[in-house]
Structures are given as C-alpha cells and as structure tokens.
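Hi,

Here is the structure I promised to pass on.

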Amino acid sequence: MDDRPNRTDTNLLGIYLNDHLAGSTLGVDRVRMLADAESERDPELADAVRPIAEEIAEDRASLLQIMRSLDVPVRRYKIVAGRLAERAGRLKANGRLVRRSPLTPMLELELLRLGVEGKAAGWRTLRRLADADTRLDPAQLDKLLERAHRQLDTLEHLRVRQITETFLQTDDRTTAPQESRS
C-alpha cells in the first residue's frame, strides 16, 4: 500500500493547473500556426516543428488527465482567455502590414521556448507534489519532464538556426525579387 497522503490543496492547485491549461492551449495554437505558416517559406523549420506541435497537444491532454485524477474542474473561461491572448499576439507590430516579417519565426520560436519552459516548471511542481499525493504518478511526470527538456533542446537548436536565417546575409540565402518600376 502506498503511504503517501493526499495533502494537496486542491483549490490552489486547481487555479494553478487551469492557468497552465490556458497556457498550453495558447502553445498548441501557436506551434500549429508556426508549422502551417512556414510550410512553404521554410519547409525544414515546419517539418522540425510539427512533431513538437503533436507532443505539445499530447502534453495538454496529459494535463487534462492529471486534472481529472485530482478532481480539478476545467475553467473554460481561462481556455477562452488563452485563445484570445494567442490571437491578440498575432496583431503585434512586426514591421510589415500585409505579409509575415522574416522576424516572425524567430519570435515565435522564442515564445514557444518560453512556453515549454513554463510547462516544464509545471511538471516539476507536480512531480514534487507527487511525493505527498497518491493521485499523481511520479513516473508519468518524469516522462513528461524528459519530453519537455527534449523539446527545449530542439527549440533552442531551431532558434539558433533561425538567427542566421533572420539576421545574417549568406550567399546561399535567396532574397525576394525586387518589384519592377515600370
């Protein structure tokens, strides 16, 4: 028999987990948007981001499962707020009015990295609580933490690659054709 008591303050944890759920909803939307937007402009980036998008969606599902196991209700208004924040983030000034800026993928990768860092912090919090709560599975949380660390490594590699794509002119980089002045 497991000797861990269930001493977790579910009310505070519910607020915390719903905030993470809102963040994960925003993250899923942003990473999918990045993969779709870059599919023609930078297929290599899109291909690298797609598996991360799938994993982030799976991590969100894991969070929902954990919330159910803790009897934490989903606060739908927080999910809606997360989606609205994601859409508002698309309106940021990027130096271009009609089309995507070359800076956009760089900023998106940085935002995703910050989101995954927040997710990892959430998994670490739950892992610590698992020592005192039988409803939390330490092995599952360890796996989620490992995956978050792999995602961070991949996103950092892509971010560093994007520095060259965004800021440095290279011989093999094609530039957009200049509009003719007729």
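α1 passes α4 in a left-handed crossing, where left-handed is the label if the near helix is turned anticlockwise from the far one by less than a right angle (clockwise would be right-handed). Before going on: this is a predicted model, in which local features need pLDDT of at least 70 and side-chain atom pairs count only at pLDDT 80 or more, while totals for chains, interfaces and linings use all residues. Residues are numbered from 1 along each chain as its sequence is written, and side-chain values use heavy atoms, with hydrogens and water left out.

The α1/α4 angle is about 150°, with the axes 10 Å apart. Axes here are lines fitted to C-alpha atoms (for helices, over the stretch in contact), and angles run from 0 to 180 degrees between N-to-C directions. The two helices are therefore roughly antiparallel (over 145 degrees; under 35 is roughly parallel, 65 to 115 roughly perpendicular, the rest oblique). Helices are DSSP runs of H or I with at least four residues, numbered from the N terminus. On the α1 side the contact (heavy atoms within 4.5 Å) includes Leu 13, Tyr 16, His 20 and Arg 30; on the α4 side, Leu 109, Leu 112, Lys 119 and Leu 126 are among the partners. By class that contact has 13 nonpolar, 5 polar and 4 charged residues. Ala, Val, Leu, Ile, Met, Phe, Trp, Tyr, Cys and Pro count as nonpolar, Asp, Glu, Lys and Arg as charged, and the others, Gly among them, as polar.

α4 also packs against α2, at about 30° with axes 12 Å apart, so this pair is roughly parallel. The crossing of α2 and α4 is left-handed. Leu 45, Val 49, Ile 56, Asp 59, Leu 63 and Ile 66 of α2 meet a set in α4 that includes Lys 119 and Trp 123.

α2 passes α5 in a left-handed crossing. Among the contact residues are Glu 44, Glu 55 and Glu 58 of α2 and Arg 147 and Arg 161 of α5. The class count is 10 nonpolar, 6 polar and 6 charged.

Last, the second largest pocket, with a volume of about 380 Å³. It has 22 lining residues, and the closest to its centre are His 20, Gly 23, Ser 24, Gly 115 and Lys 119. α1 (10-41), α2 (43-69) and α4 (104-130) each give two or more residues to the lining, and α4 has the largest share, 10 residues. The lining has 10 nonpolar, 7 polar and 5 charged residues. For the record, a pocket is an open set of points on a 1 Å grid over the protein atoms alone, where a 1.4 Å probe fits, with protein on both sides within 12 Å along at least five of seven lines; lining residues have an atom within 4 Å of a point. Points are joined across faces, edges and corners, and the volume is the space filled by probe spheres set on them.

Cheers
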